[in-house]
Amino acid sequence: SKIQEADKAFAEGQKCLKTGVLKWNPDFLGAVSAFENAALAYRTGKALDKAKEAFKLAADCSYKSHESYHAAKLLEQASGVCKDLNAIEEASNLLEDASTYYQESGHADTAAQMLCKAAKLLDTTNPGQSALYYLAAADLQEGEDRKPDVAAAFRNAVSMFSRARDIDGLYRVLIRLKQLEQTLQRPGKLLEIAAMEVLTLLHKDDSFGARETYNAAFSIHGFEGSDQAPVLEKIIDAYSEGDTEALKKCCGDAVFRTMDNEIAKLARDLAMGNKGPSIPPPRAAAVAPSKPAGAQTSAPPKSIKMTGKEVAGMRAELFGEPTSKKATSKQPEVTRPPPPPSQPSSHSAAQPHDSKEEEEEVKSKPIITGGESSTPEVEVPVEGGGGTVEGEDNEFGGMLT
């Protein structure tokens, strides 16, 4: 039977890919022939899943043997099997891969045809992706200087973007299509594009841009006396004035029935309130919560009392100033005798400022007594409260109470 014949050919293809001690490289050409025969036999025997896999393996081996064109042909057949299996997404992906292989082999026109076939498969299930395939095909054909084919691909993309209600994508393609039609000098097509552009701008809630497009359309030959001009003016006026009934009446005019079916639907769907994406309101600035009435406010910081030596100790800790060693016991009172009266001499007369400096130094030194220091107490404010610091006069301050 065909299935047994296909299984035998498929096994032969797998054997061609194996390597061993005496066979270092796989036989890709032999595998291509075997897998292709297996795929054809599977398809005849209605084993479509196996036929698809065999075609894909044959295409992969053909590409590895540097036969890009033949690999593209095999992928095209695999895509047909997927279509029979109703695997539309996979079929379009295989056609996209086939398009890539056709480009590598130097067949850009055939590559564009593969993209158009992939787009046609998705025109109902995924119109947005279909439009992108049409745009890719237009880019390939534009490189081959085939402007009429490029214009046809653009029109198909316009129809798909309109079906997907991708207004931004639709407007971008219309601009490119208008520029192309201007080079081809086809006024009839330009009139249709002007009407589509006005409808698209109104869907984008840009009535000012629609008015500008309408005014610019008078430079197109035949627009002033056409049936489209008064209808478009009424549509813009009704939209600007918010007249819903007049807008619906104008958008259902017979002038749109001669256009693409999706554009006619776009005109009928145009209604007040059908605008572009709304801009979110600006975020409100953060405001500090106000204190409730009657809430108690924090009390002002209390102050503590510190002696002069405590202040000096704090300064030494903060600024690294040296301090004297801490006294372990009270020292007896030391009384310094006054200096003996100096006799005038030539030396003292020559340097009178030395004795004065010594007197100032003696006066500046403190007299240590057995009692408490006579240094005045100083109040130092401390945040957060806590009371006062009082205690014996020592180097690092008193005791917290």
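**Salt bridges and a buried helix in a predicted model**

User: Which residue forms a salt bridge with lysine 2?

Analyst: A salt bridge here is a side-chain nitrogen of Lys or Arg within 4 Å of a carboxyl oxygen of Asp or Glu. For lysine 2, the closest N and O atoms of the pair are 3.9 Å apart. The partner is glutamate 5.

User: What separates lysine 2 and glutamate 5 within helix α1?

Analyst: This is a predicted model, in which local features need pLDDT of at least 70 and side-chain atom pairs count only at pLDDT 80 or more, while totals for chains, interfaces and linings use all residues. Residues are numbered from 1 along each chain as its sequence is written, and side-chain values use heavy atoms, with hydrogens and water left out. Helices (H or I, at least four residues) and strands (E, at least two) are DSSP runs, numbered from the N terminus. Lysine 2 and glutamate 5 are 3 residues apart in α1 (residues 2–17), so the separation is about one helical turn.

User: How many residues apart in sequence are the parts that glutamate 90 and lysine 52 tie together?

Analyst: Glutamate 90 forms a salt bridge with lysine 52, with 3.4 Å between the closest N and O atoms. Glutamate 90 belongs to helix α5 (residues 88–104) and lysine 52 to helix α3 (residues 48–64), so the pair joins parts whose distance in sequence is 38 residues.

User: Is lysine 52 buried or exposed?

Analyst: Buried means under 20% relative accessible area, exposed over 50%, and partly exposed in between (1.4 Å probe, protein chains only). Glutamate 90, at 25%, is partly exposed. Lysine 52 has a relative accessible area of 11%, so the residue is buried.

User: Which residues are linked with Lys52 in a network of salt bridges?

Analyst: The structure holds 15 salt bridges. The network that contains Lys52 also links Glu53, Lys56 and Glu90.

User: How far apart are the closest N and O atoms of arginine 146 and aspartate 149?

Analyst: Arginine 146 is partly exposed, with a relative accessible area of 32%. Aspartate 149 is partly exposed too, at 30%. In their salt bridge, the closest N and O atoms are separated by 2.8 Å.

User: How many of the 17 residues of α10 are buried?

Analyst: Helix α10 (residues 187–203) reaches 25 Å from its first C-alpha to its last, close to the 24 Å expected at 1.5 Å a residue. That expected span is 1.5 Å times one less than the number of residues. The helix is largely enclosed by the rest of the structure, because its buried residues number 14.
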